[in-house]
Amino acid sequence: VALLLCICMRNSGASRSLSLGGGGVQVPTWDVNHELACKLPTSGLVDDASCSVEAVEGANTQQLYAILQELTNTSYFRLMQINMEGKCKFWGDAPEKKCNKTLPPVDGDSEEVQGGAGPKKKKSCDLDLTGGGKVKTPPVNRPPSGMLGGFQPPTAPVVKTITPEEQNLLNTQKVCNDPTLADYWLDMCRTIPTNSSDYINLQLNPERWTGYNGSRVWDALYVENCFSKPFDEMCYEERVLYRMLSGMHSSINIHISEKFYPPSKKRDSWESNPERFMRHFGANPERLKNMHFAFVVMLRALKRASPYLYNYPFSVGDPLEDRQTMHLVQRLLDSHILASCSTVFEAFDEQLMFTDSTRDTSSMTLLKTQFKGVFQNISGVMDCISCQKCRLHGKIQLLGLGAALKILLLPEQLISSSVTRPELVALFNTIFKFSSAIRSVPRLTEQYFAHQRSYRSSHLIDDTSSPPSP
């Protein structure tokens, strides 16, 4: 079991370590009494940033969302290589809860979940690999019949044996262990392997309700990584990582709330659950600010990489679609929001990280080690998710966040040679997921209060009615 280290060293300078899988610790409650819930504050400063929530939402609404929506539907950005076969390394043989097959009865609706698309028996957690969902790389062309005079020589099998020494060499080549070197952040995402020969179509596997209970995973991510201590006791670097993780959690919950009730005989399409949304955020609006903060961090990474991305060959082999994809990326980078030095992108400054003048060199070196180690341990926990769709979206979003941190922390001259295609695909898709979630907040909030008004008006006492008979 890997040891997860607290990031921030205080007073004694020593770090704490915890093993994953500690029992009895519950995820901080997100519930809120509806009667006490007030309207979510969607204004004010994004903490640890100099921009306001309004500035972020304005940038998203005016340009970013529409371009990102079109961009993530191109072949380059909707087809993703990611390894879904990883084994959980953290908790033992205790089975994790599987995804539900049916939806809990609501308002008398107890019929079986249809799951939207696919066979009725398909679980809501399963990946959709039909209709091009999993695209195999083209096979090598074989010689046509008769080319060798009708004789086809037998093919010898490829010897794939690798000695333990060779395997260790391969494993250590990609690990950057020296925090004092400029390339230390190159392997930021190494615990999210993308060494898959197949592609998954992300458009066929949207993020929505599956019935999966991920409380054990979130417990491991928050509590076992020392994120359960008071926020004001965290150092700056720890706050950044915590807020990015919390922002991802918020985005996931908003997508689930947005598409919670599957199509059925009573519903033609997926419907939202605004009550669930309010239970998560009504008493914790700071979690929405964390989502805005993480969104800004990723936009900052996109802006920093823009000289490299502007002429990047986003190629899938179709010249027409390749040009369209490149033009969409250039439109995004040329947008007023990304091209200007607006407050939105001054909101987060990566140069403030690992530069505390009150710490000595050895402390800052250890802090870098802990920061990367915690992120990689968090990424490894994704292999403990039994729901395939949940695992897919968790891996993609952590890979996107990791790519953003990698771009921000590496020297600028290393960006063009170190960012991989899967990291770019994950980064753009994660930015779009956050963009969609931010756009959904006002709608879910209004739906909740509309439901409350409707409920209260339907339960008003009619004072004009006759009194009951004695």
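Guide: The charged end of R439 sits over the ring of Y65, 4.1 Å from its centre; a charge counts as over a ring if NZ of Lys or CZ of Arg is within 6 Å of the ring centre and within 35 degrees of the ring normal. The ring of Y184 has the charged end of K372 over it, 3.6 Å from the ring centre. This is a predicted model, in which local features need pLDDT of at least 70 and side-chain atom pairs count only at pLDDT 80 or more, while totals for chains, interfaces and linings use all residues. Residues are numbered from 1 along each chain as its sequence is written, and side-chain values use heavy atoms, with hydrogens and water left out.

Rings of Phe, Tyr and Trp (its six-membered ring) pair if their centres lie within 6.5 Å; planes under 30 degrees apart count as stacked, over 60 as edge-to-face and the rest as tilted. The pair of F77 and F314 is tilted, because its ring centres are 5.5 Å apart and its planes stand at 40°. F77 lies in helix α2 (residues 75-78) and F314 in the loop between α8 (306-309) and α9 (319-334), so the pair ties together parts 237 residues apart in sequence. Helices here are DSSP runs (H or I, at least four residues), numbered from the N terminus. Both F77 and F314 are buried, that is, under 20% relative accessible area with a 1.4 Å probe, protein chains only. Ring pairs join F77 and F314 with Y76, Y308, Y312 and F428 in a cluster.

Technical notes: Helices (H or I, at least four residues) and strands (E, at least two) are DSSP runs, numbered from the N terminus. Buried means under 20% relative accessible area, exposed over 50%, partly exposed in between (1.4 Å probe, protein chains only).
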